[in-house]
Amino acid sequence: MAHILRLSALAVLLLSACCWADSELQEEDTAEELSVSELSVSELSVSELLERANSHLSEFRSDNDPILIEGDIAIDSEAERNADPCTSSGCKWGKASDGKVYVPYYITNHFSSREAAIITRGLESFSSFSCIRFRPTQSSDRDWLSIESQNGCYSFVGRRGGKQVVSLARSGCLYHGTVQHELLHALGFNHEQTRSDRDNHIKVLLQNVVSGMEHNFRKIATLNQGSPYDYNSVMQYHRYAFSKNNQPTMVPIPNPNVSFGNAKEMSRNDIARLNTLYKC
Ligand SMILES: [Zn+2]
């Protein structure tokens, strides 16, 4: 009798284990994997995370993927390489009569609920320090961000018209600062090291840059709005970005030892210049 009882207890245990497994195991597994990988990269800056996530992209990219320059900026054709659509044709998002700038977005079903929550937190962070309001798309929206998990982390610069992809690959791009970085591109910002006044603040060492990657250090006739060059901008790449020999590709001047490119989220300057650009 005791034997039978023990057996049926075991059966109940097995049964319940099976049902939990059906409903929750998959999601738990994913969550665990994410937290382990998050721990190991928690020390990395946004710039390092982007480089890591995008480092092997060329092996996986298809003809349908946009061309990427400067690591994570998407363009439609090679001809755009030297153009900054924001300064030449105005790519800001429009301001509503209530003074807010509503930017419609749609998060595709590529993400788990936990991943979507990281994206939403990044989107919502903007409403705490600016007049930018990312909001879910409505049927009347003409221009909108489609947030997808494509190959790597990337965004176009500024409002492009119609649907524009912001890619936040599930492997490697889902961090608060990375989400903010890509959204700043979509709002019209370029990398800090491409600022028109960068030569007064950093020295670019092209001799250490991977051959063919020199274009990542081109200067752009950026609209700097009187904002200071910011070593702690979430848009500043790190000292060894695109290095071919483990030597720095950028050093601050005049003091080469100043720390830079280590931001993990938007800096005070990033926020200030966003508010200036959009007259928040
Ligand atoms: Zn970028």
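Donors are N, O and S atoms within 2.8 Å of the metal. The model used here is predicted.

**Exercise 1. Find the donors of the zinc ion and describe their spacing along the chain.**

Step 1. List the protein donors. They are Asp72 (OD), Asp72 (OD), His181 (NE2), His185 (NE2) and His191 (NE2). They lie 2.0 to 2.2 Å from the zinc ion.

Step 2. Write the spacing. Along the chain it reads D-x108-H-x3-H-x5-H.

Step 3. Asp72 sits in the loop between strand E1 (67-69) and strand E2 (73-75). His181 belongs to helix H6 (residues 176-186).

Step 4. Check burial. Asp72 and His181 are both buried.

**Exercise 2. Locate the disulfide of Cys131 and decide its handedness.**

Step 1. Find the partner. Cys131 pairs with Cys280, with the sulfur atoms 2.0 Å apart. The cut-off for a disulfide is 2.5 Å.

Step 2. Cys131 is in the loop between helix H5 (113-129) and strand E4 (132-136). Cys280 is in the segment after helix H7 (268-277). The pair therefore ties together parts that are 149 residues apart in sequence.

Step 3. Read the torsion. About the S-S bond it is about -70°, so the disulfide is left-handed.

Step 4. Compare accessibility with the cut-offs. Buried means under 20%, and exposed means over 50%. Cys131 has 7%, so Cys131 is buried. Cys280 has 43%, so Cys280 is partly exposed.

**Exercise 3. Describe the link of Cys153 and Cys173.**

Step 1. Give the distance. S to S is 2.1 Å.

Step 2. The link has -85° about the S-S bond and is left-handed.

Step 3. Check burial. Cys153 is buried at 0% relative accessibility. Cys173 is also buried, at 0%.

Definitions and conventions: Residues are numbered from 1 along each chain as its sequence is written. This is a predicted model: local features need pLDDT of at least 70, side-chain atom pairs count only at pLDDT 80 or more; totals for chains, interfaces and linings use all residues. Side-chain values use heavy atoms; hydrogens and water are left out. Donors are N, O and S atoms within 2.8 Å of the metal (3.2 Å for Na, K and Ca); water is not among the atoms, so sites may look incomplete. Helices (H or I, at least four residues) and strands (E, at least two) are DSSP runs, numbered from the N terminus. Buried means under 20% relative accessible area, exposed over 50%, partly exposed in between (1.4 Å probe, protein chains only).
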